[in-house]
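This briefing covers one protein model, grouped by topic. Please have the sequence and the coordinates open while reading.

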Amino acid sequence: MRSKAIGALAGAALLATLTAGCGGGASADDSGTVTVTVGYQSRTINTVTAGTLLRSLGYFEEELRGRGERDGVTYKVKWQDYATGAPITAQMTAGKIDIGSMGDFPLLINAARGTQLNRPTRLVSVTGYNLAGGLNTVVTAPDSKLDSLSDLRGKKVSTSIGSAADGTLVRALQQAGIDPEKDIRKLNQQPAVGASALQAGSADALSQFVAWPGLLAFQGRAKALYDGAELKLPTFHGVTVRQDFAKKHSAVVEDFLRAQGRATDYLHQHPVAASESVAKATGLPAEVVHLYNGSQGIATFDTTLKPALIAALKKDVPVLRSAKLVGDVDVDGFVDDSYIKRVFGSGYAKALAAGPPARRGGEVWLKGKDTTTAFATSAELLRYVAAHRDAVRTAYVPDASTGTLWFADRAVWVSDGDELRPHVTGSAARADAAAHPGARTVSYSTALDLARAAS
């Protein structure tokens with residue numbers, strides 16, 4: 001399958017070469033209108049502040065309208081939606097997309113292809129990140145007998161080769177002593193195709209990025225086998241621009257980043273409304289969007305280019321190089337923080353130093369409410385849910401080991417004396433129980449009963 005992936009990427013590169021002179025991207029038409037083309041992934045919801053949410057709020061258009069009035073230029077924004085980062089890169093290197101957003105592994109391929117085709121790109125901001133790697137998850141069918149990564153030996157695993165989820169799979173398998181090239185059969189599939197393959201039984205497991213694992217779990221079509229946060233390696237999504245576009249239209253890039261910052265502020269100030277907005281635009285359940293993008297969500301939204309994220313990006317290069325998807329990548333040359341620094345001004349250093357918010361004990365979203373209720377501990381949350389069962393729309397709890405937020409009714413619970421601890425995966429829950437004499441794994445309904453009895 002790897003040779004097919006390389007062939008597909010090579011074909012994309014050839015297409016980019018052939019179409020490089022065919023126009024597109026930011027250009028002025030006969031009326032003097034400059035069109036800025038933005039490539040985004042509507043259903044990859046950690047990019048919403050540079051895509052789905054930003055588009056719905058209209059902030060970029062507002063910024064450009066103000067600039068146009070000052071400069072006497074008319075600007076038009078053209079939004080192009082894709083399922084993954086690969087076609088955005090192909091269009092950028094063809095000069096047809098000016099600004100794009102994608103995950104960390106696709107960003108490196110973006111950098112490599114841009115250099116290879118003499119269409120260099122630059123990473124200018126971050127959308128959503130998770131310092132432990134919790135944005136990627138390996139899932140299996142709900143009735144699967146697979147209990148841990150070691151059970152994947154000899155099995156068929158669907159992923160999108162070259163994606164951040166593929167990187168998580170490779171690293172996780174290597175840590176488990178499994179050769180990701182020889183010991184499993186990797187299926188290179190788009191997320192939707194992989195989800196169907198899992199349901200049909202033609203794939204034994206699926207490794208994917210947001211929002212697919214959460215969506216399948218929410219729908220009862222999958223259960224988590226491996227939480228990417230177990231790697232303890234940051235993963236993120238970011239914004240990349242064509243260097244020639246940025247040099248010619250640096251003010252437009254800054255306008256985009258200023259608009260992205262406003263969308264980020266909106267998401268922080270109105271988390272439920274933002275989740276509902278993204279759900280409406282994508283067709284995803286709002287409960288799934290909120291799992292990742294809510295106030296305690298798996299993703300932290302922050303536009304600054306944090307050193308920890310750039311360091312993780314450098315660690316990703318050898319993984320892609322070993323798969324022959326890139327050669328050497330000059331990460332330091334690819335990262336350009338000059339635009340985001342100008343947007344922030346003197347406040348950039350403080351914003352750069354800020355980390356993710358402290359995780360609490362989860363939150364409950366009641367039916368008909370436009371806010372959620374946070375809890376200090378998961379036990380408190382369980383007691384509240386037990387007393388308001390019919391009114392609860394969704395409840396979320398953080399994994400006791402990794403902190404990854406998950407649906408309370410999809411978590412695997414450990415009862416240990418007076419404590420009730422949730423886990424994303426069964427293997428983590430069993431390890432927790434084994435490490436504490438007298439502890440045992442219990443179902444969600446049992447956890448609710450135990451919490452209510454203890455109150």
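Which residues lie nearest the centre of the largest cavity? Thr168, Arg171, Leu233, Pro234 and Thr235 do, and they belong to a lining of 14 residues. The model is predicted, so local features need pLDDT of at least 70 and side-chain atom pairs count only at pLDDT 80 or more, while totals for chains, interfaces and linings use all residues. Residues are numbered from 1 along each chain as its sequence is written, and side-chain values use heavy atoms, with hydrogens and water left out.

**Cavity**

- A search of the whole structure gives one cavity of 30 Å³ or more. A cavity is a set of points, on a 1 Å grid over the protein atoms alone, where a 1.4 Å probe fits but cannot get out; lining residues have an atom within 4 Å of a point.
- The largest cavity holds about 80 Å³ of space, where a volume is the space filled by probe spheres set on the points, and grid points are joined across faces, edges and corners.
- Helix H5 (104–116) and helix H6 (164–175) are the elements that give two or more residues to the lining of the largest cavity. Helices (H or I, at least four residues) and strands (E, at least two) are DSSP runs, numbered from the N terminus.
- H6 contributes the most to this lining, with four residues.
- By type, the lining of the largest cavity has five nonpolar, six polar and three charged residues. Nonpolar covers Ala, Val, Leu, Ile, Met, Phe, Trp, Tyr, Cys and Pro, charged covers Asp, Glu, Lys and Arg, and polar covers the others, Gly among them.

**Helix H12 and histidine 290**

- Eight of the eight residues of H12 are buried, so H12 is largely enclosed by the rest of the structure. Buried means under 20% relative accessible area, exposed over 50%, and partly exposed in between (1.4 Å probe, protein chains only).
- The buried residues of H12 are Ala286, Glu287, Val288, Val289, His290, Leu291, Tyr292 and Asn293.
- Histidine 290 sits in H12 (residues 286–293) and is counted as buried because its relative accessibility is 0%.
- The side chains of histidine 290 and serine 275 form a polar contact of 2.9 Å. A polar contact is a pair of N or O atoms within 3.5 Å; within protein, one must be able to donate a hydrogen and the other to accept it, and residues adjacent in sequence count only if both atoms are side-chain atoms.
- Beyond neighbours within four places in sequence, the contacts of histidine 290 include Pro271, Val272, Glu363, Trp365 and Tyr396. Contact means heavy atoms within 4.5 Å.

- In H17, the buried residues are Ser378, Ala379, Leu381, Leu382, Val385 and Ala386. They cover an arc of only 155° around the axis, which puts them on the same side of H17. The arc is that of the directions from the helix axis to the C-beta atoms.
- The buried residues of H17 pack against strand S13 (363–366), strand S15 (392–398), S17, S18 and H19.
- In helix H19 (residues 444–454), Tyr444, Ala447, Leu448 and Ala451 are buried. Their arc around the axis is only 100°, which puts them on the same side of H19.
- The cover over the buried residues of H19 includes helix H17 (378–387), strand S17 (412–416), strand S18 (419–423) and strand S19 (440–442).
- An α-helix has 3.6 residues a turn, so residues three or four places apart point the same way.

**Glutamate 419**

- Glutamate 419 belongs to strand S18 and counts as partly exposed because its relative accessibility is 45%.
- A polar contact of 3.3 Å links the side chains of glutamate 419 and arginine 421.

**Backbone geometry**

- Most residues other than glycine have a negative phi, and most peptide bonds are trans.
- The peptide bond from valine 210 to alanine 211 is cis, with omega near 0°. Alanine 211 lies in the loop between strand S9 (205–209) and helix H8 (212–218).
- Asparagine 118 has a positive phi, near 55°. Asparagine 118 is in the loop between H5 and strand S5 (121–130) and is exposed, with a relative accessible area of 66%.
- Lysine 324 has a positive phi of about 60°. Lysine 324 is in the loop between helix H13 (307–322) and helix H14 (331–334) and counts as exposed at 54% relative accessibility.

Notes. On a 1 Å grid over the protein atoms alone, a cavity is a set of points where a 1.4 Å probe fits but cannot get out, and a pocket is an open set with protein on both sides within 12 Å along at least five of seven lines; lining residues have an atom within 4 Å of a point.
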